[in-house]
Amino acid sequence: MSFPTQRPRRLRSTPAIRDLFSEVDLSPRDFIAPMFVREALSDRREISTLPGVFQHSIDSLKKEIEEHLQSDVRAVMLFGIPEIKDANGSAAWSEDGIAQLAIREVKATFGSDLVLFADLCLDEYTSHGHCGVVERGSVDNDKTIELYGKIAVAQADAGVDFVAPSGMMDGQVARIRNALDSANHSGVGVLAYSVKFASSLYGPFRGAVEVEIADGGDRKGYQQDFRRSTEALFEAMLDESEGADILMVKPALTYLDILAKVKAMTNLPVAAYQVSGEYAMIRAAEAAGYIDGPAVAIEQLTAIKRAGADLILTYFAKQVAGQIR
Ligand code: PBG
């Protein structure tokens with residue numbers, strides 16, 4: 001009989017030993033919590049496709065942020081949902097658009113205790129649900145990024161710390177960086193949704209922001225094809241060269257291979273977005289009694305960090321912060 005001399009189980013034998021050798025520890029300080037603020041609401045309203053996540057009034061948003069700060073989650077990604085949408089999404093950049101109003105109030109309340117990111121896109125604001133200006137049946141890239149520049153300046157004027165362009169238009173980061181700098185906002189950063197796949201995992205989010213793409217359309221003409229990986233690296237490299245401060249990969253779990261590659265090729269911080277469908281799948285399986293939801297949430301978020309994410313956008317932020325403290 002020969003017995004092994006190498007015994008990896010030695011390093012797994014007690015909780016303290018396992019903790020000593022763990023390489024990845026989740027922290028609430030890694031998290032950015034996505035939040036929705038909806039015009040014309042008097043109180044928060046639960047999103048049916050995202051149990052435990054709400055559309056907020058500005059007041060209930062502030063309460064939610066307060067609770068996150070108490071859990072040590074100090075960063076928020078804000079999405080605005082207007083009462084009225086139009087063809088060009090003009091409420092996205094108007095001074096009294098819902099996102100700008102919320103940014104102003106939130107910043108007046110929490111100041112630098114909170115790191116405030118704002119999603120920068122048009123789909124929540126357009127009547128057709130596309131992320132830009134539609135001309136002759138497709139989204140016009142260059143007209144759209146002009147509008148993105150205006151949104152960036154409006155959000156920066158309101159006091160946001162980082163803008164987060166999510167529309168996947170070519171040249172959007174450079175256009176936004178230039179618009180911010182020209183408006184004396186060189187201190188406002190850009191978190192670029194650099195690698196964003198045309199994913200069916202955004203389904204529950206569309207309910208949250210009341211977006212339906214006209215004529216059964218999709219975003220495959222601007223978001224990336226999940227059958228390609230080298231293109232993702234090219235997109236990340238372009239955003240870096242255009243002046244992004246943070247590169248993001250989205251969705252997270254199905255693209256850990258891409259996340260690891262992006263992390264290896266850049267010296268910028270890398271974020272990953274555990275999107276609405278990833279959250280909803282865990283919550284639904286938990287509700288059905290199939291899985292231990294909180295345990296699965298921690299396992300998946302740890303995997304996302306292990307693969308290379310410095311920051312994680314997750315709807316689980318507050319819950320998991322409570323679990324890991
Ligand atoms: C676009 C945007 C989307 C998400 C974040 N920003 C939707 C889309 O691209 O269709 C998805 C987030 C999620 O699913 O949690 N403004």
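## Basis of the description

Because the model is predicted, local features need pLDDT of at least 70 and side-chain atom pairs count only at pLDDT 80 or more, whereas totals for chains, interfaces and linings use all residues. Residues are numbered from 1 along each chain as its sequence is written, and side-chain values use heavy atoms, with hydrogens and water left out.

## Nonpolar core

The largest nonpolar core has 104 residues. Such a core is a set of buried Ala, Val, Leu, Ile, Met, Phe, Trp, Tyr and Cys residues joined through side-chain atoms within 4.5 Å. Buried denotes under 20% relative accessible area, exposed over 50%, and partly exposed the range in between, for a 1.4 Å probe and protein chains only. The residues with the most contacts inside this core are Phe36, Ile65, Met77 and Tyr148. Helix 4 (residues 141–158) gives the most to the core, with eight residues. Helices (H or I, at least four residues) and strands (E, at least two) are DSSP runs, numbered from the N terminus.

For Met77, contacts (heavy atoms within 4.5 Å) can be listed with neighbours within four places in sequence left aside. The partners are Ile32, Ala33, Pro34, Met35, Phe117, Ala118, Asp119, Ala164, Leu191, Tyr193 and Leu313.

## Salt bridges

The whole structure contains 17 salt bridges, each defined as a side-chain nitrogen of Lys or Arg within 4 Å of a carboxyl oxygen of Asp or Glu. In one of them, Asp161 pairs with Lys107, and the closest N and O atoms are 2.8 Å apart. This pair links distant parts of the chain: Asp161 is in the loop between helix 4 and strand 8 (162–165), while Lys107 is in helix 3 (residues 98–110), 54 residues apart. Asp161 is partly exposed, at 24% relative accessibility, and Lys107 is buried, at 16%.

Arg219 forms a salt bridge with Asp123, with 3.2 Å between the closest N and O atoms. Arg219 lies in the loop between helix 6 (203–208) and helix 7 (230–242), and Asp123 in the loop between strand 5 (115–120) and strand 6 (134–135), so the pair ties together parts 96 residues apart in sequence. Both Arg219 and Asp123 are buried. Arg283 and Glu286 form a salt bridge at 3.4 Å between the closest N and O atoms; both lie in helix 9 (residues 276–287), three residues apart, or about one turn of the helix. Arg283 is partly exposed at 23% relative accessibility, and Glu286 is partly exposed with a relative accessible area of 28%. A network of salt bridges links Arg38, Arg45, Glu83 and Glu210.

## Cysteines

The count of disulfides is zero, where a disulfide is a pair of cysteine sulfur atoms within 2.5 Å. The cysteine sulfur closest to that of Cys121 belongs to Cys131 and is 3.5 Å away, which is too far for a bond. Cys121 is buried, at 2% relative accessibility, and Cys131 is likewise buried, with a relative accessible area of 2%.

## Ligand surroundings

The ligand is surrounded by 18 residues, each with a heavy atom within 4 Å of it. The closest are Lys196, Arg206, Lys250, Ser276 and Tyr315. Polar contacts are pairs of N or O atoms within 3.5 Å; within protein, one must be able to donate a hydrogen and the other to accept it, and residues adjacent in sequence count only if both atoms are side-chain atoms. A polar side-chain atom of Arg206 is 2.7 Å from a ligand oxygen atom, and an N or O atom in the side chain of Gln223 is 2.8 Å from a ligand oxygen atom.

Ser276 also places a polar side-chain atom 2.7 Å from an oxygen atom of the ligand. Ser276 lies in helix 9 and is buried, at 1% relative accessibility. Not counting residues up to four places away in sequence, Ser276 touches Leu50, Leu201, Tyr202, Gly203, Pro204, Phe205 and Tyr315.

## Asp140

Asp140 is found in the loop between strand 7 (138–139) and helix 4, and is partly exposed at 23% relative accessibility. The side chain of Asp140 reaches the backbone nitrogen of Lys143 at 2.8 Å. With neighbours within four places in sequence left aside, Asp140 is in contact with Val133 and Glu135. The C-alpha atoms of Asp140 and Met169 are separated by 8.9 Å, the two residues being 29 residues apart along the chain.
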